Amino acid sequence: MRTVCLLVLLSSSLTVAQPARTAVDSVIVTGRVRNLSAQLYRESPTVLVSRNNILQASRELVRPAPLNVDGTFRVSLPLIYPQEELYFTYGRISTAFLAAPGTLSIELNADSLFTADVPFRFGGVNAQVNQQFARFKAFEASFSGKPNPAKLSEQVSGKQDEAVYRQVATAFQAPFRAFSTKEKPFPLLTRWVGWSNRYNAASFLYDKAGYEEATLAKSLNDSLRPPDDQLLTAARATAMNRFGTYATSLSTGRTTNGLPVDALASLLLRYGRNLTQTERTRLQSYQTSNSAKASDLRFFQDLVKRSSDTIQRLATYETMIRRSKSQFDSASVSYLTAYWLAYSLPTLTLDFAKLLYAYARPQITDPQLGQSLDELYALEVKDSVRIRAAVQAFRKAGDKLDGTELSPGVFVTKNDLPAGGALFDRIVGTNRGKVVYVLMTTATEEAGQQAALDAQRLRARYRSRDLALVYVPVPGTDPSLWIEFSTKYNLAGDHLLLTGEQLPELMERLRPDDSLSATVINRVGKIVKRNAPLPGAYEEVGKVIDKQL
């Protein structure tokens, strides 16, 4: 009989690896800012061109292009899809445009940057469509019938999924319909804007389903996730990410969390540690028969314990993929296979990323999803030599680090023996005379990562003799992950690594409302603001710190 042998704790762990594959096509974006004044050049000496990744909508991939003295610029970007929505930014002026392989130009006139409704002039690939799109966005900005998501939620309450989709899609399309009565749109523009609105409607439905913990009608699959779409937009990336979140909730909401015997045996044969020949032979028999008795459970549990973290992550991934195959079509499963890997990358050490990528990457057969995943992986591991050096120094130091500089500006304190409060006092004491901003955070969640990155903006605002940053990552994961994260992003400051036993004492003193929290300590070491604004509230944080200077 088939039995499930391992119950796994579901977590967002997967990953990517293998040599990054380069997109076969690219677009060259050239242009000029005419009448560029010396003052404007000093304020904005660079233009930015960015693009989406279908697996990570929250992250724009940016290529800066420095302006020459005559205002000209040139930058090349790889393209994964035949048509991709890109973004051009110069100072406070920005626009989306549609790129395809070839050369595309964008010109601006500095004299009319902030007065013209359409300050851009396009040339090259998709020139007419991009120019018309710019006119449409100017029209949309003043259109009074733009959809209001809050009102839409009220209007569709209680309706069936198909009716909700039709109503929401129609509402999102209203500005373009009105524009089309004034100017006949090019077919490509109709497709670009129309499909973006379809994806906006899809995002609305996925959010609604998540909030209501509902399952969407399968009859909507093609509307929400159109097959063979070869145009990548921000709306599409966002909708597909929302689908990933929705699918994850379905996969994790079941009562059975396990793998068939043959699948678990295969994982242990490939990734199990220190297996004897007898154990290998026994696993091979389970793999062949795909059955086991209740008395065999202890055997599997003992093997899993030897490499529990590795097997747990792999089992989680396999379980979710297997469930998705029973819920979605093959194209959707292919997306989820890549999405779950990409989503977990920031929460994994380099070694786990390499291992899990090698395991899962061959399962992604869609070439564009594969390239999208490779692109994200390459970004995550690009500083691997420097990161590994920091981790090696961390491990070599053992259990005791006293403000040890593992990477330029990254000072780490760790000691398992003293109480957490004593270690914290030591760091505060070394920074006496400065205002200390303490951020309790984590490297395993996006919000925690972003808060840690945002905190670095404070270093640019204040002198090092006036402000000290102290990071306290919440324990519970491999501390090497925080070392990798802080090294990769150059999180200059003091980093206090506490154990689970040391943390409660510090928590009693800081009294945070959440695991992601901030505290401000004045120049003489006294706590003056518990649950202070997080770094993302840049101006609010500044007000609190300024009072102590």
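How much space lies in the second largest pocket? About 520 Å³ of space lies there, a volume being the space filled by probe spheres set on grid points that are joined across faces, edges and corners. A pocket is an open set of points on a 1 Å grid over the protein atoms alone, where a 1.4 Å probe fits, with protein on both sides within 12 Å along at least five of seven lines. The model is predicted, and local features need pLDDT of at least 70 whereas totals for linings use all residues. Residues are numbered from 1 along each chain.

The second largest pocket is lined by 26 residues (those with an atom within 4 Å of a point). Ala96, Phe133, Phe136, Lys137 and Glu140 lie nearest its centre. The largest share of this lining, 6 residues, comes from α2, a helix being a DSSP run of H or I with at least four residues.

Helix α2 (127-141) also meets α5 (187-212). Their axes, lines fitted to C-alpha atoms over the stretch in contact, come within 9 Å and cross at roughly 50 degrees. In the contact (heavy atoms within 4.5 Å), Val129, Asn130, Gln132, Phe133 and Phe136 in α2 meet Leu188, Leu189, Trp192 and Val193 in α5.

The largest pocket has a volume of about 820 Å³. Among its 31 lining residues, Gln56, Arg59, Pro346, Glu380 and Gln449 lie nearest its centre. Elements that give two or more residues to this lining include α12 (330-344) and α17 (446-461).

Terms used:
Predicted model: local features only at pLDDT ≥ 70, side-chain atom pairs only at ≥ 80, totals over all residues. Heavy atoms only, no water. Axes fitted to C-alpha atoms, helices over the stretch in contact; angles between N-to-C directions.
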